[in-house]
Each structure stands twice: as structure tokens, then as C-alpha cells.
Amino acid sequence: MDVVTYFLWFFLVCCVRVECKILQRSVPAMKPLCDDGEHGIDIDLVSENQDYYKCQSNFWLAPKKMSGGRTVCYNETTPPYHRCLDQSIVYPTKPPTSGYYRKVWPAYGEYAYCPPQRWMHNLEHGAIVFLYHPCASASEVQLLREVANSCLRRHIITPYLDLERNESLAMVAWGCVHFMTWINITESVSWIREHALKTVERKVYDNGKYTHWLTRAAEVLNGSDIHDSHLCPDKLVSLLHRNDTTKDSHKDGKEVSMSKALWGLGSIVFIVLCTLIAVVLSRPRRSDQYRVHFSKLRASDSHMSLTGPLSVSAPETVKLLEPDESDDPMDE
């Protein structure tokens, strides 16, 4: 009985060892985490402090609306392949329009900062990325937001530090970028309609899982759908034009009132300066008059010292008349 039990145990152990070897050969070795959109994401961030991506100097003034934007398109684009977090991604152009990207793409909307290694994946899905320099004109950045929110759901809005001062705004599509100094609504809408949703994976409608520093999530447009079937609906575009015209009229009114205020302030300053100049020029003449007056006083003092003190006559006494006793009526 003991021999049979021993043989059964030996057979069972051999079977388990064989089964383990089969499993080791069939199951591949576990690889390190590639990308989940949450861990190890700081590899693509220049700084983990949000203040780094804000304006570090004075804000740039609103530019004059003179010339239009500038579009740059590249005939050859870098193939869109995934890169795990253990591999760095560097782009040859600023801002980039094609190339490698991370596996997890960002959720559509506005970010305090979103690195290009992330939103490059959105470009492959046909999205438009709206970039602005942190020191760009606040009014133009706000208009850039309004254009993005009025044209398509699949958009990313983020600051980008490598934009120049004379081209502080940009719209990026796969293979093309449009640089701007100020927002021309008609020009921007035409560019978006021409370059958005032109990629092979444009039918990927899902939202991304990367939400680091997401400040506002994108919404489906009124007049369109989750597929962005209608880019820049006419109703929203007309509303954009109306708001922009109202802002320009208010701005012109403010400029006129400001010019009037400056003109009035300049007039007051001019009058005050003229008064001060007149006072300064009149001071020497008064001092001459005071000098002559003091010289006369000194001459009179010296004359008094030579002639001696003045004699002062005693006041005359007045003798009062006393009444005569004979004239007293009581005697009568």
C-alpha cells in the first residue's frame, strides 16, 4: 500500500512539472507597461508645474488686423506609429504635423498644456489642434477658442511655447499648419473645412483616455453630431461674425473715449506747465523788488544809529475844571 501511494505521488509531481513547462513555453514573457495615459506621462512634459506654460513676461498687445495667415504643408509625412513611454519622441518641425505618438490619445477639449506627443495621435484621427503662445493677445486667444468650439468636436486647444511673436496663433492638421497673427473668422473656417477629417483614421470617433490637465471637455456641436458630419455649422459661424462685429464696435468706442480722455488730460497738463513756467519767470522780478525794499530799510536803520534816539515829548496833561461852589444850586 505504501509503494502504490508513493508511485501515485511521484506520477502526480511529474505531471505538474510537465504542465508548468508547457505553460512557460506558451505564455510570452511579461513586458513593461507601454502606455496607459496615467503612469509615466511626465516623460513628455517639459515641466510638471502648470505655471511654466503660462506667460512669464508682459502680455503681447493685440496686433493690427492687416495681413492674413500663412499655411505650410509638407508633401512627405512621417508614418504614424505608436511609441511606448520607454522611447523618447522628437519632431523635426515646430509645431509638428506628423510623426510618432503615444498609444493613448487625449480627450478632446482644452488643456492647461498638452504635449505634441499626445495630440499627434488626435491629428491622425482627423482632428484640428489649436495652438497659442501663452503671451499672445487675450482677446485673440478667446476668439481662437470660439472658432474651435464652433467648428468641430474633435479639437484640442493648448498653449505652445515655440510660437513666434508675429505668429502667436496656429491651427494644425495632419501634414499642414496655419500660422496667424490675428483671427480672421472667414479664413479660419475655410481652412478648417479644407483640412479637417482628411486622414485614413478619420472614422475613429472615440474620445481619448488621456485627461492630464484637461480644463474643459469638448461637446457635440449644435447643428452637427459626434461624427462631425457638419464642419463649422452656418448658424454658429454667423453667430461668431456677429459677436466679433460687436466686439470691434465696442473696441472702437473705447478707443475713441480713450483718445478723448488722453486729449483732455494732455490739455490740463499743458495748462499746468504754462502756469509753472510763468511763476518761475516772474520770481526774479519779485526778488529785485524785495532787494530794493530791504536796502531802504537798512539805510533808514543806519541813519537812526547816527542821529541818536528820537526824543519823545511827554503827553500834555489836561487840567479838568472843577465846579465853583457858588454855582451849586443847593446853596440857593
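**Entry 1: the C55 and C135 link**

I began with the burial of one cysteine pair and noted that C55 is buried and that C135 is buried as well. I was reading a predicted model throughout, and I keep that in mind for every value below. I then looked for a bond between these two residues and found that a disulfide joins C55 to C135, with an S to S distance of 2.0 Å. Turning to the handedness, I noted a torsion of about 100° about the S-S bond of C55 and C135, so this disulfide is right-handed. I placed C55 in the loop between α1 and β1, and C135 in the loop between β3 (128-132) and α3 (138-151), so the pair ties together parts that are 80 residues apart in sequence.

**Entry 2: the C151 and C232 link**

I next looked up C151, which a disulfide joins to C232 at an S to S distance of 2.1 Å. I located C151 in helix α3 and C232 in the loop between β7 (214-217) and α5 (234-307), and I recorded that this pair links distant parts of the chain, 81 residues apart.

**Entry 3: the C34 and C84 link**

I then turned to C34 and saw that a disulfide joins this residue to C84, with 2.0 Å from S to S. The pair links distant parts of the chain, since I found C34 in the loop between α1 (2-26) and β1 (70-73) and C84 in the loop between β1 and β2 (109-111), 50 residues apart. For the torsion about the S-S bond I noted -95°, and the link of C34 and C84 is left-handed.

**Entry 4: the whole chain**

I asked myself how many disulfides a search of the whole structure finds. The search of the whole structure finds 4 disulfides. Counting the bonded cysteines along the chain, I wrote down the pattern of the disulfides as 1-4, 2-5, 3-7, 6-8.

**Entry 5: two further cysteines**

Last, I checked the accessibility of C114 and C274. Is C114 buried or exposed? I found that C114 has 1% relative accessibility and therefore counts as buried. For C274 I noted 36% relative accessibility, so I recorded C274 as partly exposed.

Technical notes:
Residues numbered from 1 in each chain as written. Predicted model: local features only at pLDDT ≥ 70, side-chain atom pairs only at ≥ 80, totals over all residues. Heavy atoms only, no water. Disulfide = S-S within 2.5 Å. Helix = DSSP H or I, 4+ residues; strand = E, 2+ residues; numbered from the N terminus. Buried < 20%, exposed > 50% of the residue type's maximum accessible area, 1.4 Å probe, protein only.
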